[in-house]
Amino acid sequence: MLRRCFVLGCGSAAFGALPWARALAQAPADWKMPPRLQRPAADTDEGGLWAMMDREEQRTRRSGFLIRDKALQDYVNGIACKLAGDHCADIRVYIVQTPYFNAFMAPNGMMQVWSGLLVRMTSEAQLAAILGHEIGHYVQRHSIERLRDVKSKSAFGQFLGILLARAGGVGAIAQLALLAGALAYNRDQEREADRIGVELMAKAGYAPLEASRVWTKLLEELKAGAKEREEYWDQSVLFKTHPPGEEREKTLAQIAAAKGPGGRTGEQEYREALAQHRNEFLVDELKRRTFGETRVLLERMLAAFPDDGELQYFLGEAYRLRAQDKDLEHAVAAYRKSEAMKGTPAEMYRSMGLAQRQLGDDAQAGTAFARYLELKPTAPDGALIRSYIKRND
Amino acid sequence: MKFRILFAALALAVLAGCTTVVKVGPGQVTVKDMTLTLEGPWNKFESSALVLFQAPGATEIWTREGFTLDVLAFYFGIGDGETIGQALPRRTTKMPVFRLKMAPHEIVEAFETVVTQDGSILKVVKIEPARFAGGDGFRFEYELKRKGDSLLFNGIGFATVANKKLYLMAYSAPRTHYFPTLVPGLEAAARSATLKR
């Protein structure tokens with residue numbers, strides 16, 4: 001939990017700043033990638049910060065939430081390297097199974113990308129926009145800049161400085177929690193990271209317009225969540241520490257327009273790279289119980305892949321699990337629609353049976369349960385499903 | 001170092017003021033209106049203020065080896081329309097509501113919602129009909145990846161709906177050593193459960 005606070009607090013890729021919109025649009029394009037960062041001396045504040053991040057990285061490496069899929073890892077690393085140039089050798093990307101939209105890069109070169117972010121991207125270029133933003137924070141050394149700013153302005157900052165000076169030898173989880181609140185990037189830094197992100201993605205041949213599309217999609221989801229007063233809206237770091245995102249979306253689109261059309265989106269490559277994990281990521285997504293947001297996500301994915309039975313099944317699940325008003329009817333309709341689609345899992349029939357049972361349609365429920373068993377005769381819940389059918393008889 | 005000692009002392013003082021742990025068993029013990037016969041002693045967590053994130057809102061929480069290791073959570077006597085569990089502090093996740101029409105699959109989904117609020121990941125590996133507390137019920141097995149420390153747990157649960165109320169007990173412990181060692185005692189306790197129907 002502490003780590004999560006830290007990650008959210010210190011650097012959220014797409015969760016950045018905003019009223020700077022005009023300045024961002026006018027930012028000069030003469031930025032040059034700084035040379036590779038050298039490891040700072042251990043007895044400096046920056047050295048202390050690196051030491052703490054090294055320990056955090058060790059924890060990440062051991063974490064049961066780390067997704068250990070070499071193919072996916074190589075794919076995301078490859079994108080980061082295309083963007084980072086010489087810095088590639090210093091950047092280590094970790095993909096973490098957490099169903100929230102977030103990415104984070106530490107000053108020592110560790111980058112975390114969460115599964116909730118990956119499942120929301122629809123193209124390689126969109127992921128590149130996020131990674132480029134994080135690399136922007138890294139190469140500009142925003143963390144240490146922020147730390148020194150905080151230290152110079154408050155006694156608490158001095159206290160943080162003492163902790164960091166001792167970080168080489170002291171267990172540091174509580175220190176990380178303290179840092180979480182203190183080192184959130186400021187708006188100017190977010191602005192700079194955004195500008196660098198778009199520069200890097202354009203230079204690597206990606207379509208810059210995809211950066212603003214990340215925001216378009218995220219805002220649609222958050223608005224749906226707000227309408228249903230869901231947790232993510234209430235608690236999102238985005239809206240606690242930053243202004244809303246419409247202006248940012250527009251500004252990124254303006255920058256992209258200034259760079260001209262073209263560039264690669266890499267939709268097909270992205271879909272293939274994530275294919276093996278999409279089911280698992282969507283299962284996790286449902287567990288957030290922010291069904292308004294999840295429905296927007298799934299409807300958007302279905303618009304892109306209208307014949308995808310697995311997506312249609314998950315849409316039915318989002319309705320069934322909320323189970324308010326006419327949700328169960330909507331769930332059954334979604335399941336029915338998925339029957340004729342490709343890739344629909346057998347579990348769809350089990351869920352349809354459960355929804356129909358709740359609606360009092362025991363006969364239809366029995367048929368759906370029987371179909372589930374037909375498709376999955378060795379299902380680990382087979383005996384229970386048979387008991388449902390027997391009860392209906 | 002002084003800061004750490006101060007922090008630890010403060011945390012201990014807060015915990016001591018809010019919680020107590022009392023011994024239950026061996027022998028007959030009553031939880032709500034269900035009676036269990038225990039082969040050995042358990043520790044019962046009592047708190048007026050804290051919510052244990054492994055089992056938020058449980059009727060009772062027990063452990064054999066310590067609450068950071070193994071947890072037996074009872075969600076007992078939950079009536080139609082009543083909430084199962086409790087949202088963790090500073091969370092606004094809507095807690096599931098028990099409905100008499102719920103199938104075992106849906107009850108397990110609800111349980112999962114309650115115990116994974118902290119970001120832990122639960123995977124149900126088996127769910128089957130079983131006798132529990134003298135009537136028809138079900139039994140489920142699950143794996144849990146705990147968010148705070150990435151520890152891998154195995155879990156087992158028993159539930160029944162009796163007298164128009166839900167009775168669910170679920171036990172989890174680290175999959176290496178603790179679960180295989182402790183689960184026979186838990187299964188024996190579950191087998192001993194009796195409830196007036």
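Contact means heavy atoms within 4.5 Å. On that basis, residues 24 or more positions apart account for 49% of the contacts in chain B with a separation of 6 or more. The structure is a predicted model, in which local features need pLDDT of at least 70 and side-chain atom pairs count only at pLDDT 80 or more, while totals for chains, interfaces and linings use all residues. Residues are numbered from 1 along each chain as its sequence is written, chains are lettered from A and ligands numbered from 1 in the order in which they are written, and side-chain values use heavy atoms, with hydrogens and water left out.

**Architecture of chain B**

- Chain B has 3 helices and 11 strands; helices (H or I, at least four residues) and strands (E, at least two) are DSSP runs, numbered from the N terminus.
- Along the sequence, the pattern of chain B reads α-β-β-β-β-β-β-α-β-β-β-β-α-β.
- Of the 197 residues in chain B, 52% are buried, where buried means under 20% relative accessible area, exposed over 50% and partly exposed in between (1.4 Å probe, protein chains only).
- B:Leu88 is placed in the loop between β6 (71–79) and α2 of chain B, and its relative accessibility of 9% makes it buried.
- The C-alpha atoms of B:Leu88 and B:Leu144 are separated by 18 Å, the two residues being 56 residues apart along the chain.

**Aromatic rings**

- Over all chains there are 17 aromatic pairs; rings of Phe, Tyr and Trp (its six-membered ring) pair if their centres lie within 6.5 Å, and planes under 30 degrees apart count as stacked, over 60 as edge-to-face and the rest as tilted.
- The pair of B:Trp42 and B:Trp62 is tilted, because the ring centres are 6.0 Å apart and the planes stand at 50°.
- B:Trp42 belongs to strand β4 (residues 42–47) of chain B and B:Trp62 to strand β5 (residues 60–63) of chain B, so this pair ties together parts 20 residues apart in sequence.
- B:Trp42 is buried at 2% relative accessibility, and B:Trp62 is buried at 0%.
- The pair of B:Phe111 and B:Phe140 is edge-to-face, because the centres lie 5.6 Å apart and the planes are at 65°.
- B:Phe111 is in helix α2 (residues 104–115) of chain B and B:Phe140 in strand β8 (residues 135–145) of chain B, so the pair ties together parts that are 29 residues apart in sequence; both residues are buried.
- One aromatic cluster is formed by B:Trp42, B:Trp62, B:Phe74, B:Phe76, B:Tyr167, B:Tyr171 and B:Phe179.
- B:Arg64 lies over the face of B:Trp42, 5.4 Å from the ring centre; a charge sits over a ring if NZ of Lys or CZ of Arg is within 6 Å of the ring centre and within 35 degrees of the ring normal.

**Where chains A and B meet**

- The contact involves 33 residues from chain B and 34 residues from chain A.
- About 2800 Å² is buried between chain B and chain A, with carbon and sulfur atoms giving 49%; buried area is the accessible area (1.4 Å probe) that two parts lose on being put together, summed over both.
- Between the two chains there are 2 salt bridges, each a side-chain nitrogen of Lys or Arg within 4 Å of a carboxyl oxygen of Asp or Glu.
- A:Arg320 and B:Glu109 meet in a salt bridge through their side chains (2.7 Å, N to O).
- On the side of chain B that touches chain A, α1 (2–18), α2, β7 (121–132) and β8 each supply at least two residues, and β7(B) gives the largest share, 7 residues.
- The charged end of B:Lys145 sits over the ring of A:Phe65, 5.3 Å from its centre.

**Salt bridges within the chains**

- The whole structure holds 37 salt bridges over all chains.
- In chain A, A:Arg278 and A:Asp308 form a salt bridge between their side chains (2.8 Å, N to O), and both residues are buried.
- In chain B, B:Asp149 and B:Arg146 form a salt bridge (2.6 Å, N to O); B:Asp149 is partly exposed at 38% relative accessible area, whereas B:Arg146 is buried at 7%.
- A network of salt bridges links A:Arg120, A:Glu220, A:Glu221, A:Glu285, A:Arg288, A:Glu293 and A:Arg300.
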